[in-house]
Amino acid sequence: MSLAAGVLVAGAALSGCGKADIEAESAPDPGLAEDQVSALWIEREIRLHTLDRMIDEAGSDEVLVNMGGTRESLFDNGVIVTESGEDAVVDWEAGYQDGDLEGFMVQLDKDAWNEGAPLAKVDSALNDAMYHNEVTWCGETVTGEEFVDAYMDEHQEAFDTYDEYTESVIDYVDCGTG
C-alpha cells in the first residue's frame, strides 16, 4: 500500500469511516452539507452529458478513438455501455480496427455504473474526452474542454440542487442558455 493510501485509510479509521465507505463514495459529495453541490459533481455532470452528445453527433467510434487510452476506465466502470445498455467488453490488448468502437453510449444513470467506480479515474477519462473532442453543434466549434469551462464559469454557483444543475446542464448541452 502506498503512503498516501495508508494515510487515507488511517484517517478514515480515526474518523469512524471504513475503507469501503471512502471507495464507494455513496453520496455524490462527501464532506459537504446536504444542500451543497460540489464543483466536481457539476463538472462531472456537464462532461457526461457533453460526451453523450458528442457520441450522438460524431459516433462512438470517432469520439472514443480520439480520447486515447483513458477511455478504458469508462468502459471498465460501466460509464460507456453498449447501445442496448449492457456492459461493454473490448479486448484492449488485442487492439481494435476502425469501427470496432461503434455502437456504444454513455450511461448517464450513475447508479448503474459498477459499484465502487473510482471517480478520480472516471473524471480523468472524461477530461481527456473533452480535451480531445469537439463540440460542433452549438455554433462555433470549440473543444469539449472549452465548452465545459464556459458552463462552469457561468453556472457554477447558480443553483442550489442536483436536479436544478442537471436540468441546466441538459439545456446547455442542447444549446440553450443553461
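The structure is a predicted model, in which local features need pLDDT of at least 70 and side-chain atom pairs count only at pLDDT 80 or more, whereas totals for chains, interfaces and linings use all residues. Residues are numbered from 1 along each chain as its sequence is written, and side-chain values use heavy atoms, with hydrogens and water left out.

Buried residues (under 20% relative accessible area, with exposed meaning over 50% and partly exposed in between, for a 1.4 Å probe and protein chains only) make up 38% of the 178 residues in the chain. The secondary structure comprises eight helices and four strands, these being DSSP runs numbered from the N terminus (H or I of at least four residues for helices, E of at least two for strands). Along the sequence, the elements follow the pattern α-α-α-α-α-β-β-α-β-β-α-α. Of the contacts in the chain (heavy atoms within 4.5 Å) with a separation of 6 or more, 63% are accounted for by residues 24 or more positions apart.

Two packed helices are described by the angle between their axes and the distance between the axes. For helix H7 (residues 144–155) and helix H8 (residues 162–173), the axes come within 12 Å and cross at roughly 135 degrees, where axes are lines fitted to C-alpha atoms, for helices over the stretch in contact, and angles run from 0 to 180 degrees between N-to-C directions. H7 is therefore oblique to H8, given that angles under 35 degrees count as roughly parallel, over 145 as roughly antiparallel, 65 to 115 as roughly perpendicular and the rest as oblique. On the H7 side, Phe147, Ala150, Tyr151 and His155 meet Tyr165, Ser168, Val169, Tyr172 and Val173 of H8. The residues of this contact divide into seven nonpolar, two polar and no charged (Ala, Val, Leu, Ile, Met, Phe, Trp, Tyr, Cys and Pro being nonpolar, Asp, Glu, Lys and Arg charged, and the others, Gly among them, polar).

Helix H8 also contains Thr166, which, when residues up to four places away in sequence are not counted, touches Trp41, Glu45 and His49. Glu45, located in helix H3 (residues 39–58), is buried, with a relative accessible area of 4%. Apart from its neighbours within four places in sequence, Glu45 is in contact with Lys110, Thr166 and Val169. Thr166 and Gly178, twelve residues apart in sequence, are separated by 9.6 Å from C-alpha to C-alpha.
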